[in-house]
Every structure is written in structure tokens, then in C-alpha cells.
Amino acid sequence: MSELIQLTRENEIAVITIDNPPVNALSPAVQAGINAAITKINQDEEVKAAVLIGAGRTFVAGADINEFGKITSGKAKRGSFLPVLLAVEDCRVPVVVAIHGNALGGGLELSMAGHYRVAVPTAQVGQPEVNLGIIPGAAGTQRLPRLVGVVKAVEMCTTGKPIKATEAASIGLLDKLVEGDLLAGAIAFAREVAGKPAPKTRLRTDKLGTAEQNAALFAAARETVRKKQRGLQAPLAAIDAIEAATKMPFEKGCEEEARLFDQCLYSDQSKALIHVFFAEREVPKIPDVPKDTPVRPVNSLAIVGAGTMGSGIAMVFANAGIPVTLKDAEQAALDRGLETIRKNYAISVQRGRFTPQFVEERMKLIKPTLSYDDFASADMVIEAVFEGMGLKKEVFAELDRVCKPDAIMASNTSTLNIDEIASVTSRPESVIGTHFFSPANVMRLLEVVRGRKSSKDVIATCMQLGKRIGKVAVLVGNCWGFVGNRMFLPYIREAQFLVEEGAAPEAVDASVTNFGLAMGPLAVGDLGGLDVSYRIRKEFRHLDKPGARRPFMEDRLVEMGRLGQKTGAGWYRYDEQRRSSTDPEIAALAGKWSTEAGIPRRSISEDEARDRLIYMLVNEGARILEEGYALRAGDIDIIYVNGYGFPAYRGGPMWYADTVGLKKVYDRVCEFHRAHGALWEPAPLLKKLAEAGKGFADFQREAAQATT
Ligand code: 3HC
Ligand code: NAI
């Protein structure tokens with residue numbers, strides 16, 4: 001046997017062990033090894049049953065995702081796993097698949113080709129292929145509905161969410177849960193079924209339903225996908241493939257699945273989603289902070305400021321089981337913060353996300369206080385008081401006095417200079433930015449802001465902690481707005497310019513929501529409050545490019561008291577339930593103010609609006625990348641996908657720009673530069689790459705090669 005597959009014997013039971021760390025992905029060599037093991041078992045008369053198990057931390061996490069890029073770029077041939085799965089299913093003896101960790105994608109498909117499946121209760125199984133823009137490609141859409149029925153198969157293949165072993169056992173996907181040693185349990189199970197006829201999944205039809213029942217199910221499923229997974233192609237393809245399972249014989253259904261799989265695999269959506277998968281796993285890799293950098297223990301947290309962010313952050317840590325001391329300067333603010341937390345938890349209970357007992361336990365972990373008394377024992381402190389350098393400095397000077405020597409002192413500031421904040425402490429090496437996004441208990445993104453003196457162990461701790469509390473932590477440099485907001489501010493400024501030139505707010509927003517963003521820039525402003533960016537614009541006016549155009553729409557709306565949803569009017573009008581509608585007053589005001597400002601009104605196409613918004617992000621992103629405030633173009637993409645509602649199926653702004661072609665993007669930026677002036681000055685890196693016929697991905701590759 002190959003090193004990746006071991007074939008051993010426990011008397012009459014053969015044991016096939018897949019050993020391809022870290023996640024036993026089904027590389028071509030693993031597939032060949034399984035096939036060879038089955039052939040050997042078929043030839044060995046003494047074997048009465050077989051167990052198929054994974055070595056290490058998990059069963060099989062699916063096909064090797066690295067292979068997909070090789071196939072679509074023509075560097076590797078697309079093979080098929082189907083013959084190997086048929087060989088498993090047609091094995092002379094019963095094959096018992098033993099699952100721990102995850103059986104995902106091709107891993108679950110392999111399990112379903114086995115005759116029986118047993119698992120430890122902590123295992124998970126699923127068909128997550130849609131997250132990569134593809135569908136199950138090794139008969140998953142054909143065998144899964146045969147085992148669990150059409151409804152569950154559609155749910156699993158369209159959402160991509162794995163299910164727990166306990167649920168899998170209750171719906172017939174697993175035959176037994178094994179407490180204790182999995183291999184021993186699987187061998188015992190194999191002994192029970194040895195010598196008996198083994199059921200083949202592909203021959204079953206009892207759960208496939210009738211055409212009449214299914215027609216309504218598939219129609220409803222397509223409707224749900226179009227609403228909840230707007231713009232995504234793969235979930236619809238998965239439904240088509242499952243429908244084929246209900247209408248065609250198994251072999252024909254597999255052919256249809258393969259056709260749909262190929263269609264998805266070569267799509268831009270799949271390439272973008274695969275980029276996002278790997279980029280997300282790249283972000284923790286920091287060249288000068290190696291994986292083995294020691295970390296500081298974080299078993300308790302203190303937060304200063306129980307407002308919007310402080311209360312959300314408290315929930316995040318409590319949810320991870322970390323006790324939190326939550327301090328505010330005023331009792332009323334503390335009460336409001338706790339009330340927000342209680343309300344948010346109540347919604348989670350209502351939605352079935354948490355049990356009342358879980359919430360009760362989490363609430364006990366949050367200790368409100370008005371004093372710094374408990375701060376001395378906290379391993380980490382996060383400051384989330386009002387945005388203002390004077391106040392932040394006061395708080396950090398106090399923290400320096402009360403915190404223990406090795407405590408991490410973090411600021412949740414969204415715009416202020418971390419080095420300046422750190423300068424008032426005696427230990428700037430322990431100071432760092434942890435920039436959560438609102439609502440902190442919901443948004444996945446966490447920007448970890450590296451100060452000039454932040455020590456490597458503090459960086460490593462915060463990056464690891466990010467994962468522990470369920471966030472995607474991305475390390476960014478200490479520049480104004482860091483990465484996300486530094487790009488976002490010019491983007492929302494451009495949205496205002498579009499309205500000032502004649503576009504309706506809903507047309508501006510639609511230009512990017514039709515592109516796939518969760519919300520348009522103006523609706524986002526209304527949601528967070530137009531006063532927030534108003535205050536930022538005022539405070540940082542001195543940083544404006546001299547002589548450059550300044551937007552006026554939002555400033556005037558704020559001065560009229562139109563702050564967005566909270567005042568019932570901003571760019572849009574809002575009713576009691578905060579449902580938005582177009583407000584004709586905006587068009588009238590924009591017309592009047594623009595004429596006064598000498599800005600000619602004109603009709604603006606959707607393409608122009610979208611390009612001006614998205615390319616503004618790209619141009620600023622290119623500057624950030626060149627200046628080194630983001631480590632990689634992929635890091636910027638991950639920030640935008642996880643913190644700003646950028647569609648993952650477009651890969652993030654930098655990936656998207658590469659797919660358009662940087663020459664084309666650059667030409668358009670130059671066109672906008674000529675038409676709209678200095679704020680559109682092309683980023684030097686964009687110019688350089690466009691002229692060299694390269695993309696951000698090439699830049700990244702070359703940078704990585706230069707450092708190795
Ligand atoms: N192929 C190749 N590499 C994979 C992989 C896969 N299927 N799954 C994980 N990896 C790699 C990661 O890139 C990472 O590599 P790195 O250490 O060099 O960065 C390493 O394995 C560990 O992965 P994670 O950091 O994600 O580890 P976690 O423990 O947090 O999560 C996991 C483990 C839940 C298995 C997660 O890795 C995961 O979700 N993997 C992808 C599962 C998936 O999408 N499977 C379907 C593949 S497509 C398919 O099977 C098609 C089929 O139908 C034909
Ligand atoms: P907020 O106004 O909701 O809450 C601030 C809280 O700090 C108030 O409860 C106030 O009473 C308290 N506070 C003020 N001075 C204090 C002191 N000396 N000691 C203890 N408590 C004090 O503000 P919000 O929105 O929560 O913002 C907090 C920080 O997070 C700011 O730096 C902001 O820039 C940043 N941020 C805000 C985001 C948002 O969307 N609201 C997103 C990301 C970061």
C-alpha cells in the first residue's frame with residue numbers, strides 16, 4: 001500500500017486507514033490507494049468485512065481543493081472518483097466507514113458508497129461544495145437523497161452547512177454512534193455485519209418520493225435559494241442534480257451531476273470562492289510572526305465602555321466561555337449596555353440559536369462594574385469608549401496603572417492612531433488594536449491593528465484569540481481607517497458624488513446590490529447613522545487632499561436632522577418597522593444644492609455608478625497594499641467579504657479587479673481621473689501592474705517569492 005493508505009488486518013476484519021494530513025483530502029494518490037485496498041480485500045478470502053477510517057484529527061474533508069485550480073488552468077486532468085466509489089460499494093464484503101472529525105464533500109460521498117456508517121457523537125457530516133461554487137461531484141447528489149430523502153438532501157447541498165452526527169444518525173445517514181474508541185467500535189460493528197448481504201445505497205429508491213410531491217419541493221427550494229443565496233449559481237445546480245436523482249436511473253443521474261459539476265467548476269464564481277477559501281486560511285500566516293510564537297494566556301477579559309461595541313464584544317467573549325468584566329463611567333450607560341445584551345440574547349433564543357440555559361450561563365459570565373477594581377486580574381482589556389484621542393489616552397494611562405504587567409491592552413478604535421494611544425503607557429509592546437465590526441456579536445471580521453511597538457507574542461495571541469471567539473482575524477497596519485474603513489470612506493464619498501451629479505439614491509445602491517453586495521453604501525449610512533461619518537469627516541478635514549472635491553449631501557442631511565434610520569429619515573424614509581422607501585425630497589434637495597454648487601445634473605448609467613464605487617475600493621486597496629498596511633491582496637478581500645458584505649462569489653474587490661483585468665480597471669480609473677479630478681489619481685501599484693499586464697495575484701506571488 002502507499003504511505004497515504006494503510007491496509008491492516010484485525011483477524012477477519014480488514015482496516016483501511018487514510019493518512020493524508022492535515023485533513024485526509026482525497027488527492028488522486030489517496031483515491032488510487034483506496035481503490036488498490038479494495039482490490040486486495042476482494043482477493044483475500046479470509047477477509048469478512050472491512051473498516052474504512054481516517055488517521056489523525058479527522059475522517060476526510062473532501063476532494064483536494066488545490067486540484068480544482070490545476071484542472072481549470074489546464075495543469076491537471078479532471079479525473080473521476082466515481083469508479084473508486086463503485087468499487088467500494090461493489091466490494092465483496094461489507095465496508096463500514098468510521099467517522100470522526102468531519103466527513104465533508106467527497107468524504108461524505110465516500111462514506112455513502114460504504115455499506116454502513118458509524119461515527120463518534122462529535123463528528124460532523126456535510127456537502128459543503130456550494131461554499132466553493134461547485135456541487136458534489138462524486139454522486140453526492142445521487143446517494144444523499146436516497147439515504148435521507150429529497151428535502152434534507154436539498155437543504156444540505158444548497159446551504160452547505162454540515163450536520164452533527166446525532167442528527168445524521170436520526171435521519172438514517174449514520175447507522176450507529178460509537179461512544180469511546182472509534183476503531184474498536186467500528187470493528188465490533190463490522191463483525192456483526194460480516195457475512196451478511198450488504199445494502200447498496202445506489203440501489204435504494206424508497207426515499208426518493210413521487211414526481212408530484214417533488215415538483216412542489218423543488219420549486220420551493222429554488223425560490224428559497226434565489227432569495228437567500230442571491231446571485232449564487234451552485235445551489236441551483238445542486239437542486240438540478242438532486243432532481244435528476246429523482247427522475248433518472250443512478251448512472252444517468254451521475255452523468256447529469258458531472259455535467260453540472262463541470263459547469264460550476266469552470267465558472268468565475270467557483271474560482272472566486274476557492275480563492276476566498278484559501279485566502280481565509282492564509283490570513284493567519286504572518287511572515288515575521290511564526291506559527292510557534294509563544295502566546296499569552298487569555299482566560300479573562302475586561303472591557304471599558306458598555307456602548308454599542310463594548311456590549312457586543314462582551315457577548316462575543318461570553319459566548320466563547322471567557323468571563324468578562326464590563327465597565328462604564330455611568331450607571332445609566334451600563335444599564336443600557338446590559339439591556340442591549342439581554343435583548344440580543346432574547347432574539348437568539350427566539351430564533352432557536354441559543355437555549356435559555358446557554359444564555360443564562362453566558363449572562364453569568366458578564367460582570368458589570370463602574371470601577372477598575374477587577375481589572376488587575378484581567379488577562380486582556382479592550383477599550384471601547386467614545387472615539388476621541390484625548391479620552392482614549394486618559395483611559396490607557398489609567399489601564400497602565402491598574403492592569404497586571406503581562407495584560408494585553410487593546411483599543412477598538414476605528415480611526416485613531418494606535419501608536420499615539422500606546423505612547424501614554426509604559427508598555428507600548430502590550431498595546432494593539434482589535435477593531436471589531438458592528439454588530440460585534442454578528443460580524444465575523446476582526447481587524448487586528450499592529451502598532452509600531454506591538455510585540456510579536458501580543459500579535460500572535462490576538463490572531464489566535466480571533467479564531468477562538470469565532471472571528472476571522474486579519475492583521476492590518478496602523479494607518480488612518482486601517483484597511484476596511486480607509487477604503488470604505490472614499491467609497492461612500494463617491495456614492496454622494498453620484499447623487500450630486502444626478503443619480504437617485506436607490507439607483508446608486510442598486511448598482512452595487514445588483515453586483516451582489518449585501519447593501520448599498522447609502523443604505524449602510526442610514527443604518528449606522530449618517531452622523532457617524534459626519535463626525536469623522538469633520539475631525540479629519542485636515543487630511544483632505546488640498547483643492548479636491550468635497551461631498552456636501554450627507555453633511556447637509558445631518559444638519560437637517562436626517563441621521564438615517566434612527567430619525568426616520570436619511571437617504572431614504574423609514575416607517576415604524578424601519579422599512580425604507582424612496583423620499584422624493586432627496587431628489588429635490590440634490591437638484592437644488594447641485595445647481596447652487598454649479599454641478600451639472602445628468603443621467604448616470606448603472607455601469608458607471610458600479611465602476612465608480614467598486615474601482616474606488618480597488619484603487620485605495622492598491623495603495624494600501626503597496627504601502628504594506630495589508631499583508632496580501634487576499635487579506636483585503638477577506639476583510640471586504642467578512643466585514644462589508646462584498647459578495648464572496650466575486651472573490652473580494654482585489655480578486656474581482658484581477659478577473660476584470662487590471663489594464664481595463666486602470667483605464668477606467670484614468671477616465672474617472674480626467675472627469676472627476678484628484679481623488680481619482682491612479683494608485684502607483686495599479687498603474688505599474690496594469691502597464692506590465694499583471695494582476696494583484698502576480699504581485700503577491702512575486703512578493704512571496706522574493707521573501708523566500
Ligand atoms: N483540500 C485541500 N486542503 C484542505 C482541504 C481540502 N478539502 N480542507 C482543508 N484543507 C487545508 C487547509 O487549506 C489548511 O491548510 P494550511 O494549514 O496549509 O493553511 C489545512 O487543511 C487545515 O484546514 P483549516 O485551517 O480549515 O482547519 P480547521 O480544523 O479549521 O477546519 C475543515 C477543518 C472543517 C475540514 C475545513 O478545513 C474545511 O471546511 N475544509 C473544506 C471542506 C470542503 O469544502 N470539502 C469539500 C471539498 S470539494 C469536494 O469534496 C468535491 C467532491 O464532491 C468531489
Ligand atoms: P458608544 O457611544 O455606543 O459607547 C461608548 C461608551 O463608552 C458609552 O457607554 C460611554 O458611557 C462609555 N464611556 C465613555 N467614557 C468612558 C470612560 N472614561 N470610562 C468608561 N466608559 C466610558 O460608542 P461605540 O459605538 O460603542 O464605539 C466605541 C468605540 O468603538 C469607538 O472607538 C468607535 O470608533 C469604535 N467602533 C465603533 C463602531 C460602530 O459601528 N459603532 C464599529 C467599530 C469600532
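Trainee: From which domains does the lining of the second largest pocket draw at least three residues each?

Mentor: From domain 1 (5–266) and domain 3 (485–707), with bounds that come from an automatic or database domain assignment. Note that this is a predicted model, in which local features need pLDDT of at least 70, side-chain atom pairs count only at pLDDT 80 or more, and totals for chains, interfaces and linings use all residues. Residues are numbered from 1 along each chain as its sequence is written, chains are lettered from A and ligands numbered from 1 in the order written, and side-chain values use heavy atoms, without hydrogens and water.

Trainee: Why is it called a pocket and not a cavity?

Mentor: On a 1 Å grid over the protein atoms alone, a cavity is a set of points where a 1.4 Å probe fits but cannot get out, whereas a pocket is an open set with protein on both sides within 12 Å along at least five of seven lines. Lining residues have an atom within 4 Å of a point. Here 42 residues line the second largest pocket, and His275, Trp655, Ala697, Gln700 and Arg701 lie nearest its centre.

Trainee: What makes Asp328 a polar contact of ligand 2?

Mentor: A polar contact is a pair of N or O atoms within 3.5 Å; within protein, one must be able to donate a hydrogen and the other to accept it, and residues adjacent in sequence count only if both atoms are side-chain atoms. A polar side-chain atom of Asp328 lies 2.6 Å from an oxygen atom of ligand 2, so the pair meets the 3.5 Å limit. Glu387 also has a polar side-chain atom 2.5 Å from an oxygen atom of ligand 2, and Thr308 has a backbone N or O atom 2.9 Å from one.

Trainee: How much of ligand 2 does the protein bury?

Mentor: Alone, ligand 2 exposes 830 Å², and the protein buries 78% of that; the areas come from the Shrake-Rupley method with a 1.4 Å probe.

Trainee: Which residues come closest to ligand 1?

Mentor: Arg57, Glu109, Glu129, Arg281 and Lys285 are the closest of the 26 residues that surround ligand 1; a residue is near if one of its heavy atoms lies within 4 Å.

Trainee: What polar contacts does ligand 1 have?

Mentor: Among them, a polar side-chain atom of Arg57 lies 2.7 Å from an oxygen atom of ligand 1, and a backbone N or O atom of Ala63 lies 2.8 Å from an oxygen atom of ligand 1. Taken alone, ligand 1 exposes 990 Å², of which the protein buries 75%.
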